[in-house]
Every structure is written in C-alpha cells, then in structure tokens.
Amino acid sequence: MTTSITLAGLAVGLLVAWANLRAWWRGGRAPKDLLPFTEGFVLGAMSTVCAGLLGWAASGLAGGATTSGDTVTAGLTGASAGTAIPRGSMGTLTSEGAVMVVLLTAGVVLAWKVAPKADKRRIFGGVVVGVVLCATAGIASALDWLPETFNIAGDYLRNAASGAGIL
C-alpha cells in the first residue's frame with residue numbers, strides 16, 4: 001500500500017473504532033460480539049501488505065479516510081489537517097502466507113453474506129480501522145508479527161498437505 005494517512009485520516013479510523021467498540025462496551029462486552037469487527041480488522045490489516053486487489057482496495061480506503069478527514073477538519077475548524085503521518089509496513093507475505101490471506105478473505109466474504117445488517121457494518125468498520133491504523137508506522141510496527149503468523153500458518157498447511165508433518 002502506498003497511500004499516506006494524515007492525522008485527520010487517522011481520526012476517521014479512530015472514530016470508526018470508537019463507534020464499534022463503544023457499542024460492544026455498552027452491550028454486555030461478550031467476546032463473541034467482537035468477532036465481526038475483529039475479522040474485518042484482521043482482513044484490513046493484512047490488506048495493507050498485499051500488492052494485488054486487496055492492496056489496491058486498502059489504498060483506496062486509506063485515501064478515502066484521509067480525504068474525508070481532511071475535508072471535515074478544514075470545514076469545521078478552518079485549519080488544515082496537517083502533513084502525512086509516516087507510513088509503515090507490517091512486513092511481507094510468502095506464497096504460503098498469501099494463501100492464508102485468500103482463505104481469510106473467503107471466510108470474511110462468506111461471513112458477510114450471512115451476517116445481519118449490524119454485523120455487516122461491524123465487519124466493514126473493522127476493515128476500515130485495520131487499513132487506516134496499519135498504514136501508520138507506529139501501528140504497523142506494533143503488528144509486524146501478524147504477516148509472519150500468516151506465513152507460519154501457511155507453512156503448516158503446506159507441510160500437513162505434503163505429508164511432511166506439522167513441525
């Protein structure tokens with residue numbers, strides 16, 4: 001992903017996170033209620049390390065958050081949104097990790113198709129938050145273990161399918 005985020009764009013992501021997490025906090029705090037947001041967040045975060053269609057979509061979402069945040073900030077305050085926050089990267093995917101991202105994407109799409117309207121909003125909100133936050137250097141470096149986790153899971157899958165054992 002090549003899109004940079006301004007502070008106002010980051011604020012958009014944080015507002016979406018707040019809207020989702022506030023509803024969960026006030027609604028009983030059951031861990032299962034975070035699943036739609038979390039699966040969207042992980043997909044959004046992993047999209048930032050992809051170069052194909054997912055990376056393109058992540059760049060578009062990050063650009064949209066930045067443009068809308070900058071516009072609202074300038075309109076409400078008359079001040080500019082400032083310069084871009086340093087862009088970060090969580091790392092790279094191996095071919096095995098990429099297959100795991102494809103499986104994640106398919107799982108999120110299937111969950112989306114059967115989800116009620118409120119959960120669809122939570123999934124999309126999670127994607128937006130994952131993309132926006134992981135476009136920043138600080139959050140990307142804090143989550144640099146995530147792509148490696150997908151790479152390792154893909155290795156396990158390949159080894160199990162090859163009959164080489166899990167380890």
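Leaving aside its neighbours within four places in sequence, with which residues is Lys120 in contact? In this predicted model, Lys120 is in contact with Trp112, Lys113 and Ala115, where contact means heavy atoms within 4.5 Å.

The model is predicted, and local features need pLDDT of at least 70, side-chain atom pairs count only at pLDDT 80 or more, and totals for chains, interfaces and linings use all residues. Residues are numbered from 1 along each chain as its sequence is written, and side-chain values use heavy atoms, with hydrogens and water left out.

Lys120 lies in helix H5, residues 117-134; helices (H or I, at least four residues) are DSSP runs numbered from the N terminus. Lys120 has a relative accessible area of 25% and is partly exposed. Under the scheme applied here, buried means under 20% relative accessible area, exposed over 50%, and partly exposed in between (1.4 Å probe, protein chains only).

Asn20 belongs to helix H1, residues 7-26, and is buried at a relative accessible area of 13%. Apart from neighbours within four places in sequence, Asn20 is in contact with Phe37, Arg122 and Gly125.

**Salt bridges**

A salt bridge is a side-chain nitrogen of Lys or Arg within 4 Å of a carboxyl oxygen of Asp or Glu. The count comes to four salt bridges, including those tabulated below.

| Pair | N to O distance |
|---|---|
| Lys32 and Asp33 | 3.3 Å |
| Arg158 and Glu96 | 2.9 Å |
| Arg122 and Asp119 | 2.9 Å |

Because Arg158 lies in helix H7 (residues 145-162) and Glu96 in helix H4, their pair ties together parts that are 62 residues apart in sequence. Arg158 is partly exposed at 38%, whereas Glu96 is buried at 19%. Glu96, Asp155 and Arg158 are linked in a network of salt bridges.

Arg122 and Asp119 are three residues apart in helix H5, and so are separated by about one helical turn. Arg122 is partly exposed at 27% relative accessibility, as is Asp119 at 22%. Lys32 is exposed at 64%, while Asp33 is partly exposed at 34%.

**Nonpolar surface patch**

Val99, Leu103 and Leu157 make a nonpolar surface patch of about 250 Å². Patches consist of residues with over 30% relative accessible area and no salt bridge, like charges being joined within 9 Å and nonpolar side chains (Val, Leu, Ile, Met, Phe, Trp, Tyr) within 5 Å. Accessible areas come from the Shrake-Rupley method with a 1.4 Å probe, and for residues only the protein chains shown count as cover. Leu103 is found in helix H4, residues 95-114, and is partly exposed at 47%.

Key. Helices (H or I, at least four residues) and strands (E, at least two) are DSSP runs, numbered from the N terminus.
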